[in-house]
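Visitor: Could you walk me through reading helix packing, salt bridges and burial in a model like this one?
Guide: Gladly; let us look at it together.

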Amino acid sequence: MLLVTGGLLNHRARKKKGEAEGVVDEELARLGEKSKELIRIMNSESYDDVSQYTGKTQKMANDLIASTADSLALMGGGEKFIAEAKSMIAGKTMGQRLKNMFATGNFSKAVELLTGGEKLPFDLSDSKRAELEKGSHAEAWRDTILAQVPAKPFEDTLSGILDQMGAHAGTNDKLVTTIQTKAREVGNYLNSVQAESQALVEKSGKLQEAGKDDGLFVSSSVTRRLMPFVLGSEGQPGLIDKGNEVKKQDPVRAWEEFGDVGKRMATEGNQIVEVGQGARDNLLPALKTADEALHPHQVQTAWAHSKKDELSIALDRSGEKAVSASVAAEVSGLNKDIAALQSRVETVVEQDTERREVSPGLIQGAESDVDTAREGLAKALKAAGVFASGNADQVLREPDRDPTTQTEKSHKDWDQIKGNLDLGKIEEAGTLLQNIRTQTGTAHELVKQTRDAFNNYTATSQERISRRDNIGKSIKETYADSLKRVQGGYNTAAQKAAAAEVHNSSNDKVGTVADYLSNAQNQLETSGSLNSQAQANYERAYLLTSRDQLTDSDKQLKVAKANLEAITSAEKTLNNHQAEAERELTALTGRVQSTAGKTGAEYVRSKAKSMVSQAQSALNQAKTAVNAKPADPYAAKAALASVENLRTQAESTIDYDHRCFDSARSAISSAESEIRSAESTISSVNNMSWSTYVSDFGGVSHSVSSSDLSGARSYINSARSELSSARSKMSSQDYEGAKSSADSADRSADRAESEANSVASRERSQYNSMVAAAEAEARRRRKEREDAASHNSGGGGGGGGGGSSGGSGSTGGGW
């Protein structure tokens, strides 16, 4: 047994050891990747080369050395973690190695060390653990740093070490790349800035040559002040010279303080020259074109030339400012201002052309249209038998609709345009030009509408008069009688409800049906008044006012007609509701009777019967409401709905009683059946007995004792009591309680039967055990006899007779 246990423990230990070694391999691989990146960076540049610089480059080199020292310490810390874990797995002593053959504790500790939150102390000296290529830059970095940099203590987890190694690798790579790039490329960089600056000097010189006559936008400060600062002049060294002087000892400073600054100045100088060239190529020709177009018409452009001179000076000053600070944003803003000035100048030319060539024609055309319309409409009105004493100048003179007002405004606006153009105020001039377009268009539209109004007046006026008369006649013929029937047949509440029901977007919102008639009569009066006013305005040549009054008359007539139609609609609605109420009363009476007929069933309880009684009482009240005179079908239908609600609740309660009754009865039946079954099972188990004969042993018998079934009988007694309670509750119509008690009886009977079956199974098992023991004893006795017989036949003596009987007394004491 000890060997088996030892084997199992060793197997488990070997499995755990394999898992731990796998974790070591994984973490070693991660550390190897991080270390490989740090070593690659160290091998990319020698320590001696990095440490030789001065100034800004020296500061960057010192940062690299410090970061590399931390990197080496972290690398050594990682190696320490791996070594410690390997030591735990292998065992440091003979005792530990023996323990590791059977226990898993050290393997778990090794895994926890590498993957958990446990920390180890380490410092720069631990970097000696890492194997570096002999004679490599990386080895020289480590040896020098170990000799020169004081070791500082660290403490971290392996995961923290790996994370920090990654961060340091990124920092170191950036520092090395910056130092290498700037050390190797600084000369070329300075040369490229010098070449760019020299090209700019030539480009700027050409621009100044092109503008020597007017001196505009030549930006001489670029060659006079800015580029000498970069290239040097008259024995004074420039930025390029200073950069070349320090580039070997301090390439970072040469690059950043001299190369980058010179690059910025050359770039911004180019920007200044290009903006100046653009202004000369575009703005100046645009100004010349504007002068030629505007001056013959006495439009001034002094504002534009003043702004041009201001922008030219500002551009030249930007070259001065670029010596000490960036002017890129300022020059970009000047470029936008130059483009904006050019656009404004070109817009002034366009607006003046419209002022002279378009606007006068618009005004004259509108005035001509108005004059022609006045003459024509005056003659037409006289021919129609009106406006006899009027003249043409009185036509198209309606308040706020006089087209001459529009043309007079246009004249005033036109007079103001040139003054704004003289100052370059294109926004104000544009508004005035648009006013003229709008105002003259409005004058034409007023003329057109007035002509249409005259042409349509006669037919429209006659239609309004005829329609008003017809609606007035229909009141007596149709709507008055309808209202009389409504008022005679239905009470005030019903009339109010009907008025609200038939209201829509076409008719008025009123209090009662009678208000529809009074509103309609008022609207007909208003329409007649509007028709008379329209006629009067037509005769005085207020044709648009007359048109609008006929339009308002049409609106009044439409609402009046809709209000009258609401009266007949209300009557129809009331009649329909009353008929529906009467039909519902008949149907509901039958349904209530049907529901009441169900209350005689044995399962219906008092609550349902009470609800039916309430429904019958409410039905009598509803009959009174339905048959009331004058009628109120809304109230009648509400009363009927209340009855139906009571009846529906009564039906639901009756259905519920029926379901509860059936459910309880079914539960009682089920419990009765389960009790009979359990009693049968108990009786059967009580009579169980078993016996058999075992050769060489004798008879074996066993039977169930009555006391074994006491538990089952207790359960069956509970079931009978609960069944009795269920029957009692059923008699008092407590169906829910009856079902609950019957269900309890069923469960108790089921437990009784289950308990009886358990007794049978248990006692049967006891009997089987007795038989098995008897058979085992019989086999032992036979074996004993066989052994004795064999001994006698082989040795012949030894006093062996009687050996078989000597062993029989040692077994089977209970049998």
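**Reading the charged pairs and the packing**

Guide: Let us begin with glutamate 784, which counts as buried at 19% relative accessibility (buried means under 20% relative accessible area, exposed over 50%, partly exposed in between, with a 1.4 Å probe and protein chains only). This is a predicted model, where local features need pLDDT of at least 70 and side-chain atom pairs count only at pLDDT 80 or more, while totals for chains, interfaces and linings use all residues. Residues are numbered from 1 along each chain as its sequence is written, and side-chain values use heavy atoms, with hydrogens and water left out.

Visitor: Which residue forms a salt bridge with glutamate 784?
Guide: Here is the general idea: side chains of opposite charge can pair when their charged atoms come close. The test for a salt bridge is a side-chain nitrogen of Lys or Arg within 4 Å of a carboxyl oxygen of Asp or Glu. In this case the partner is arginine 780, with the closest N and O atoms 3.4 Å apart. Arginine 780 is partly exposed, at 24% relative accessibility. Because they are 4 residues apart in helix 22 (residues 735-795), glutamate 784 and arginine 780 are separated by about one helical turn. As for the numbering, helices (H or I, at least four residues) and strands (E, at least two) are DSSP runs, counted from the N terminus.

Visitor: How many salt bridges does a search of the whole structure find?
Guide: The search finds 57. One of them pairs aspartate 393 with arginine 397, whose closest N and O atoms are 2.7 Å apart. Aspartate 393 is partly exposed, with a relative accessible area of 47%, and arginine 397 is also partly exposed, at 28%.

Visitor: What parts does the pair of aspartate 554 and arginine 467 tie together?
Guide: In that salt bridge the closest N and O atoms lie 2.5 Å apart. Aspartate 554 belongs to helix 18 and arginine 467 to helix 15 (residues 426-489), so the pair links parts that are 87 residues apart in sequence. Aspartate 554 is buried, its relative accessible area being 13%.

Visitor: How should I read the crossing of helix 18 and helix 20?
Guide: Start with the axes, which are lines fitted to C-alpha atoms, for helices over the stretch in contact, with angles running from 0 to 180 degrees between N-to-C directions. Those of helix 18 (residues 543-597) and helix 20 (residues 633-686) come within 9 Å and cross at roughly 25°. The two helices are therefore roughly parallel to each other (angles under 35 degrees count as roughly parallel, over 145 as roughly antiparallel, 65 to 115 as roughly perpendicular and the rest as oblique).

Visitor: Which residues in helix 18 meet helix 20?
Guide: Contact means heavy atoms within 4.5 Å. Among those in helix 18 are Leu574, Glu584, Leu588 and Arg591, and the residues they meet in helix 20 include Leu640, Val643, Glu644 and Arg647.

Visitor: Is glutamine 578 buried or exposed?
Guide: Glutamine 578 is buried, with a relative accessible area of 8%, and its place is in helix 18. Leaving aside neighbours within four places in sequence, glutamine 578 is in contact with Tyr490, Val626, Ala631 and Pro633.

Visitor: Where does glutamine 449 lie?
Guide: Glutamine 449 lies in helix 15 and is partly exposed, at 23% relative accessible area. Not counting residues up to four places away in sequence, glutamine 449 touches Leu544 and Arg547.
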